[in-house]
Amino acid sequence: MRLATWNVNSIRTRVARTVEFAVREDIDVLAMQEIKCKPEQFPYGPFAEAGYHVEVHGLNQWNGVAIASREPMTDVATSFAGMPGFAKGHEGPDAPLEARALGATIGGVRVWSLYVPNGRSLDDPHLVYKLHWLDALRTATAAEIAASPARPLALVGDFNIIPFDDDNGDPDIVVGRSTHVSPEERAAFFALEGAGLTDVVRPILPQGYTYWDYQRLKFPRNEGIRIDFVLGSPAFADAVTGASIHREERKGEQPSDHVPVVVEFDPASGAEDDDDLPMIFS
């Protein structure tokens, strides 16, 4: 199974190169973020012609997540337990939920496509919302792993956090002045490890950026950052056999400012002497 995550930054603008990538790289499951459209606006046709089923969660021209899969998807969810909402000037627990999470089970693997809130600035209420969102994600994930420890679980997407200094090649992002690198955001990211998750790409690719801003020649200067991740439960992490960051997708006409991250997953490699694992397509 080949699982990819990609913040496509408007699927209607980039549908051709998105589908072409999925077909060329033999992707079984593609989690997308920032699709920027409602379900009725999503370009299903090219995906269907390429043999993909698609689930979409989008509310307007902002945010939005989707999953394309060669296999049918079940147990589709558009939020996780306790997920907070946000609206400017709105306080309280009943703030409207944004289209930032989409979960589905595919061949026995639970996949969440996530677009973590940006945070905007260190003094913005959106940063408080981001930290609450991540804390709820940690709690929900820990409960999900505890309830089904043998089921592989992957949280994938744009986390809008730069965990380590080596992941930051953008001189405009500075600890103490910028979001994405604040101690609170990094602590929230590492707390996901306490929920039972592992960054399954980093052991294979310790270095590599996944995002370059469109402005000020960031890509030609390689002033990128690493903010797109595949975090797996023990049952998922043990079966990962390979990973790749597709930097070339930042080139060409109308590229997204993010590039795809791909992992290869072989259930046989992590299922030795374990007859309780679910059947998973390969």
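How far apart are the end C-alpha atoms of helix α3 (residues 125–147)? They are 33 Å apart, and this agrees with the 33 Å that its 23 residues should span at 1.5 Å a residue (the expected span is 1.5 Å times one less than the number of residues). Welcome to this structure, which is a predicted model: local features need pLDDT of at least 70, side-chain atom pairs count only at pLDDT 80 or more, and totals for chains, interfaces and linings use all residues. Residues are numbered from 1 along each chain as its sequence is written, and side-chain values use heavy atoms, with hydrogens and water left out.

**The whole chain**

- The protein chain holds 5 helices and 12 strands; these are DSSP runs numbered from the N terminus, with helices being H or I of at least four residues and strands E of at least two.
- For 282 residues, a compact globule would have a radius of gyration near 19 Å, and the 18 Å of the protein chain agrees with this (the radius is taken over C-alpha atoms, and the globule rule is 2.2 Å times the number of residues to the power 0.38).
- Along the principal axes, the C-alpha atoms fill a box of roughly 50 × 40 × 40 Å.
- Of the 282 residues, 54% count as buried, where buried means under 20% relative accessible area, exposed over 50%, and partly exposed in between, with a 1.4 Å probe and protein chains only.
- Among contacts with a separation of 6 or more, 72% come from residues 24 or more positions apart; a contact means heavy atoms within 4.5 Å.

**Surface and charge**

- Carbon and sulfur atoms hold 50% of the accessible surface, which comes to about 12,200 Å² (Shrake-Rupley method, 1.4 Å probe; for residues, only the protein chains shown count as cover).
- There are 25 positive and 42 negative side chains, and the centres of the two sets lie 9 Å apart.
- Lys and Arg count as positive and Asp and Glu as negative, while His and the chain ends are not counted; each charge is placed at NZ of Lys, CZ of Arg, CG of Asp or CD of Glu.

**Helix α3**

- The buried residues of α3 include Y129, W133, L137 and A140.
- An α-helix has 3.6 residues a turn, so residues three or four places apart point the same way.
- The buried residues of α3 pack against β6 (101–106), β7 (109–115), β8 (153–158) and α4 (183–194).

- S113 is found in strand β7 and counts as buried at 0% relative accessibility.
- A154 has its place in strand β8 and is buried, with a relative accessible area of 0%.
- Not counting residues up to four places away in sequence, A154 touches L3, R110, V111, W112, L231, G232 and F236.
- A154 and W6 are 148 residues apart in sequence, yet 14 Å apart in space, C-alpha to C-alpha.

**Two loop residues with positive phi**

- K36, in the loop between β2 (29–33) and α2 (44–49), has a phi near 60°, a positive value in a residue other than glycine.
- K36 counts as partly exposed, at 21% relative accessibility.
- N222, in the loop between β9 (198–199) and β10 (228–232), has a phi near 55°, also positive in a residue other than glycine.
- N222 counts as partly exposed, at 34% relative accessibility.
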